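Here is a short report on one protein chain. Please look through the sequence and the structure before reading on.

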Amino acid sequence: MLERTRLAFFVIETQAGWTVQADGFVYPLCGSFDDAVVRATREAQAAGRLGFASVVLTRPAQNRPYEIQWTYGRNTCPPTATEEFRHAAPNLRSDVRH
């Protein structure tokens, strides 16, 4: 079996809020750290189903290294991943129609 291509989803805190970055792509802002982890996990799950060895990485503080939060094929989806960002402000949610 061929080795899967690795793809990391980074949960990053910015001055404007939390976001997810992967392979040069920056996702829209999330309302909280938890929402960003949910988004990253959902995207990593989708990438895993497409054949990528995906992982979600978070950093507990700016001066600390990233830590593995979730790995495709090893971890189940966190319970909050089914909640579609219910805590995010309406203009930051991915389900808002413009």
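Which residues does Phe-9 touch, not counting residues up to four places away in sequence? The model is predicted, and in it Phe-9 touches Val-20, Gln-21, Ala-22, Tyr-27, Ala-40, Glu-43, Ala-44, Ala-47, Ser-54, Val-55, Val-56 and Leu-57.

## Phe-9 and its surroundings

Phe-9 is found in strand β1. At 2% relative accessibility, Phe-9 counts as buried, because the cut-off for buried is under 20%. Phe-9 and Ser-54 are 45 residues apart in sequence, yet their C-alpha atoms are 7.4 Å apart in space.

## The sheet

Five strands form an open sheet, in the order β3-β2-β1-β4-β5, and the pairing is mixed. β3 (25-26) and β5 stand at the edges with a single partner strand each, so one side of each is left without a neighbour in the sheet. As a general point, strands of a sheet pair through backbone hydrogen bonds, either parallel or antiparallel.

Strand β1 (residues 5-13) and strand β4 (residues 52-58) run parallel and are joined by six bridges. Within β4, Arg-6 has Ala-53 as its bridge partner, and Leu-7 stands opposite Ser-54. β1 and β2, by contrast, run antiparallel and are joined by four bridges. Here the bridge partner of Phe-10 is Gln-21 in β2. β1 and β2 form a hairpin with four residues between them. In the turn, Gly-17 has a positive phi of about 145 degrees.

Helix α1 has 17 residues. From its first C-alpha to its last, α1 reaches 24 Å, close to the 24 Å expected at 1.5 Å a residue. α1 packs on the sheet, where it touches β1, β2, β4 and β5. The direction of α1 makes about 170 degrees with that of β4.

Which residues of α1 are buried? They are Asp-35, Ala-36, Val-37, Val-38, Arg-39, Ala-40, Thr-41, Ala-44, Gln-45, Ala-47 and Gly-48. The buried residues of α1 pack against β1, β2, β4 and β5 (67-71). In general, an α-helix has 3.6 residues a turn, so residues three or four places apart point the same way.

Arg-49 also lies in helix α1, but at 60% relative accessibility Arg-49 counts as exposed. The C-alpha atoms of Arg-49 and Gly-73 are separated by 9.5 Å, although the two residues are 24 residues apart along the chain. Just after α1, Gly-51 takes a positive phi of about 110 degrees.

## The nonpolar core

How many residues does the largest nonpolar core have? It has 15 residues, and those with the most contacts inside it are Phe-9, Val-11, Val-20, Ala-36, Ala-40 and Val-56. β1, β2 and α1 are the elements that give two or more residues to this core. α1 gives the most, with five residues. In soluble globular proteins, nonpolar side chains tend to be buried together.

Val-56 is one of the core residues named above. Leaving aside neighbours within four places in sequence, Val-56 is in contact with Phe-9, Val-11, Ala-40, Thr-41, Ala-44, Glu-67, Ile-68, Gln-69 and Trp-70. Phe-9, in turn, has Val-56 among the residues it touches.

## Aromatic pairs

With ring centres within 6.5 Å as the rule for a pair, the count comes to four aromatic pairs. One of them is formed by Trp-18 and Phe-33, which are edge-to-face, at 5.1 Å centre to centre and 70 degrees between the planes. Trp-18 lies in strand β2 (residues 18-22) and Phe-33 in helix α1 (residues 33-49), so the pair ties together parts that are 15 residues apart in sequence. Trp-18 is buried, with a relative accessible area of 17%, whereas Phe-33 is partly exposed at 28%.

Phe-25 and Tyr-27 form another aromatic pair, which is edge-to-face, with 4.7 Å centre to centre and 85 degrees between the planes. Phe-25 counts as partly exposed at 47% relative accessibility, while Tyr-27 counts as buried at 16%. Tyr-27 is also among the residues that Phe-9 touches.

Note on methods. Residues numbered from 1 in each chain as written. Predicted model: local features only at pLDDT ≥ 70, side-chain atom pairs only at ≥ 80, totals over all residues. Heavy atoms only, no water. Phe/Tyr/Trp six-rings, centres within 6.5 Å; stacked < 30°, edge-to-face > 60°. Buried < 20%, exposed > 50% of the residue type's maximum accessible area, 1.4 Å probe, protein only. Pairing = 2+ DSSP bridges. Core = buried A, V, L, I, M, F, W, Y, C linked by side-chain atoms within 4.5 Å. Contact = heavy atoms within 4.5 Å. Expected span 1.5 Å × (residues − 1). Axes fitted to C-alpha atoms, helices over the stretch in contact; angles between N-to-C directions.
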